Amino acid sequence: MFSDVRHRLRALLRRGTIERELDDELRFHLERSIEKGVRAGLTPDEAARRARLALGGMDQVKEAHRDARGIALLDTIVQDVRYGARAMRRAPVFAITAVATLALSTAALATVLTLADTLLYRRLPVERPGELVDVAAIRRLGTTPLLSSNEAARLQVLGPVSYPDYLAFRDGARTLTGLAAHYPTAPLFVSLDGDGHEINGAVVSANFFSVLGLRPSVGRFFHDDEDRVPDRDRVAVISSNFWRTWLSASPSAIGSRLRINSADFTIVGVAPPTFSGMTSSPIEVYIPTMMLRVGYRWCEDALAIDCTALQMIGRLAPGRTQADAAAELPTLMPAAWAHAPRGENSGVAVTQPRGLSTDDEEPRLVALLAAVAIVLLLVCCANLAGLVSAQSAARTHEFGIRLSLGAAPRRIVRQLTTESALLSLAGGVAGVLLSRAFTGALAAMFFAVDDEGHPLQYGFSQTPAIVIATIGVALAAGVVFSLVPAIRIGRRPAGVQLAERAPTSRWSSAAWLLGAQAAVAVAMVAVAALLAASARTMLAGRNFDASHVALIRVRPRLVKYSPERAQRFQRELVRRLEAVPGVESVSMVGIGSVLGGSSIGVALPAWDADRRMTAGYNEVGPRYFETLQTPLLAGREFDEHDSIESPRVALVNETLAARLWPNLGALGATIVVGSVPRRVVGVVKDLSLRSRTQAVQPWVYAPFWQNPAQIDSRLAIRTAGDPAAVLPAIARQVNRLDPDVPIAETITLPGRIAALMRPVRVSATFVGYTAVLAVVLTAIGLYGSLAFAVARRTKEIGIRMALGAPRGRVLGLVVREGMTVVAAGVAIGLALALAAARLVQHLLYGSAESDWVFYASAAAVVAVVGLIASLLPARRAAAVEPLVALQCD
Amino acid sequence: MAEPPSRLELPQGTLDLLILKAVALEAQHGWAISERIQQISKDALQVQQGSLYPALHRLERRGWIKAEWGASDNNRKAKFYELTRAGRKALDAQTGAWRALTAAVDLLLDTR
């Protein structure tokens, strides 16, 4: 028994030694056998032949010997792996290409999976997140021209509730152990020792932390009593990050004062470092719901029943399911909801909080990227199948010999599969590692700041499931691409290959794979170019020039400025900013934002009330269109004379002008904006960030200074040089005027557009990466196939040349073979590109007039790369010396 | 194959017994074992040389024989196999079993 185990172990661990010993032993046997034959009068050759016959096939003996060692399966695998590793060392270019190809394509896949997990599937980093449910109000929407068709199709959105409504749900719910309220995006202007910043805060109910199952790092969370009386308990919990960066993680921070929106708060605790909120905007400071009036300023009274500010999250009671909660909570709905008008809360939805995505752009983006990653993976498989085919064809001789020596075909197939598995495992692991770099770059390039310049935190991380899935896919791809040559070998009758070493068949079996690769390459290049051009167009600005515009938002409303005081402040600020060196013009937006707006009903004076149409709406200061450099088509833009005392005026965009006054004549006409009749004094070009699938909106502008309630503003500042360089000086001017006035959204216009265009930029980058890879793979595949075909057909080429074919003909022959495939691929690829462009239509901006340039360029790029890849082996073919070629076997 | 057809194929399992017997007297290398079996049986038994080595290994694993590298008669390095104590016991037991078996078979065949 003991000797048995010892032998098996030795057999396994000292495999090399044993194999060598066996070799020695068998050789000794053969030699003795031959000696005997010679002594008996045979010729040495004949003796050797007989000796080998008597012994049987070397490989068979060895195989039987290995079986006798009792570790056949494991041993075979170990041996195959070693053999595979040796085969790789022998053909390093093949191995490196295969591993790199797989790594680059599985890295793309792993990156998309990480993105999908983070945006759509990840649960909150809290205790038992599976028990948490989001409870939201359902609002039914009517159709307005502002909604794109698929937005309108859904006709309902989820919205927040008022504090009294929240109490009704909290106190009535039996299917939940707790229901918390939170307003997760409270802009809090926080100052500590004279250093003031706007940070993202949250207003939360006292039970928020206990419902989530969080424990404070230091100090405590809110007591229930601190969330009972409005405006009484000024207590705050800070995030671990805030504690570190503002208070250098000092324990004495607990109990210290913090000024929030001009009110003094006491810090009572620090949230755990693992939790930074439920959205991608990390929460730095938490205050109780009774302090909602400090954090929420869109209502007269933030705690009143008509102020819907709060979102709700609850934890299911033991044994209860989401369905139970979804059945119970609507019964607790306030009675008034039952007959709520359109656009107001009228139902209850219970969902699982998953992922950080808040809009429907992101699921679409993820789906698009996933599709691209899968296509890339298929291209990679096609390429590897070609490579492996060529590689195994080059090894036909080796396999032939092994088959003839008695190796089982099964064994060789297994050998090939092991080699592929080895390559794909290496590729998968490299892909996983590479994808870490990719997600890091993704986070830094696209997911670092939002369109208001606030830091974002997505915390991309590879879950074990993603790692396993990626490596699994790599292995599956490996099996797929090894099957083709493996099947061929399995079918091959033993012993016939030795003589027939140089088949002269064409390489057409791989041609369709190459054609497909070329087609995908064309489509990818075209789509990448379309997306990149779109992103560039938008960043530069369409009907405006973004490159030299800085933005800043001042919010005196947060510190309770009256309109009169705020307007004095705004006028003085504009005057001072215009004096800053490097500033060319200053303007502002009151309602809406630069390039974004709210909406308002507009009508002609003669219209009935129900004919009103909806238009985008901004209240803008003088020189607004000069600052954006938007061309004025007619009339003038607002100036200092358009004030509260002067007649009400308006500007309309081209689209609205064409809609209301099809026969021109907009200038001087009267338009009713909201309920105010205004005289149209100018028509401007359309200013829009809408993609090709969205119609350009009608838009109306009113003067900033004709709204007596004006308090906050978003300023747009045209600079002579880099706008980013002027931002600090601008912020300083605001601080100098009143250090208590909160500043936000200090960002350049290109920076803001870049954040808004994130889906386009992400997909442009991703598709661009895929396109480059697809082109390179096509080139490698083409070059590999042709080079291999040339090598195999050396003899044929030699004969042709010996019979008088000029070198040019030979060159042309090979190039034609390559370019036939490329041409077919390019033709199919162009069709594919047109189809693919339709799929990304929602990401394309600007007119489609010059799109053909991108299609043509894509076709040209792939054709030229294909030509180069064909020329190299063609030149080698043309250099064949007939005599040498005919002599080689 | 050039081998005379008169030779007998070994019944399954008897190769082990023959190997044990062949190395019972002194340590032998593989080649000598196959030669010895053929010589003593006056070439009547045909040992498939290819199956000899796996069998040797099987016996070694079972602990019935042990192997050692040594110099052959013409001073070449060769692997020598010799019987272990367990191997001797097994040889005795198997020899007994073989005798009993062949005697019984003889009896049966002789009966008219």
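**Reading a two-chain model**

Reader: What is the area buried between chain A and chain B?

Author: The size of an interface is often given as the accessible area lost when the parts come together. Here the buried area (the accessible area, with a 1.4 Å probe, that two parts lose on being put together, summed over both) is about 2400 Å² between chain A and chain B. Carbon and sulfur atoms give 54% of that area. This is a predicted model, in which local features need pLDDT of at least 70 and side-chain atom pairs count only at pLDDT 80 or more, while totals for chains, interfaces and linings use all residues. Residues are numbered from 1 along each chain as its sequence is written, chains are lettered from A and ligands numbered from 1 in the order in which they are written, and side-chain values use heavy atoms, with hydrogens and water left out.

Reader: How many residues of chain A and of chain B are in contact, and how many salt bridges cross the interface?

Author: Contact means heavy atoms within 4.5 Å. By that rule, 25 residues of chain A meet 26 residues of chain B. A salt bridge is a side-chain nitrogen of Lys or Arg within 4 Å of a carboxyl oxygen of Asp or Glu. Two are found across the interface of chain A and chain B. E21(A) and K79(B) form a salt bridge through their side chains, at 3.6 Å from N to O.

Reader: Which elements make up chain B?

Author: Helices (H or I, at least four residues) and strands (E, at least two) are DSSP runs, numbered from the N terminus. Chain B has four helices and five strands, in the order β-α-β-α-β-α-β-β-α from the N terminus on. Of its 112 residues, 43% count as buried, where buried means under 20% relative accessible area, exposed over 50% and partly exposed in between (1.4 Å probe, protein chains only).

Reader: Which residues have the most contacts inside the largest nonpolar core?

Author: In soluble globular proteins, nonpolar side chains tend to be buried together. A nonpolar core is a set of buried Ala, Val, Leu, Ile, Met, Phe, Trp, Tyr and Cys residues joined through side-chain atoms within 4.5 Å. The largest has 100 residues, and L531(A), V594(A), Y701(A), L749(A) and I753(A) have the most contacts inside it. Helix α17 (residues 508–540) of chain A supplies the largest share of this core, 16 residues. Beyond four places in sequence, V594(A) touches residues including L551(A), Y624(A) and L749(A). A second, separate core has 49 residues, among them L179(A) and I260(A).

Reader: How many aromatic pairs are there over all chains?

Author: A pair of aromatic rings is described by the distance of the centres and the angle of the planes. Rings of Phe, Tyr and Trp (its six-membered ring) pair if their centres lie within 6.5 Å; planes under 30 degrees apart count as stacked, over 60 as edge-to-face and the rest as tilted. The whole structure has 19 such pairs. Y163(A) and Y166(A) have ring centres 6.0 Å apart and planes at 50°, so this pair is tilted. Both lie in helix α8 (residues 163–172) of chain A, three residues apart, and are therefore separated by about one helical turn. Y163(A) is buried at 9% relative accessibility, and Y166(A) is buried at 0%. F208(A) and F209(A) pair edge-to-face, 5.3 Å between centres and 85° between planes.

Reader: Where does the charged end of R565(A) sit?

Author: A charge sits over a ring if NZ of Lys or CZ of Arg is within 6 Å of the ring centre and within 35 degrees of the ring normal. The charged end of R565(A) is over the ring of Y561(A), 3.8 Å from its centre. In chain B, R62(B) lies over the face of W64(B), at 5.0 Å from the ring centre.
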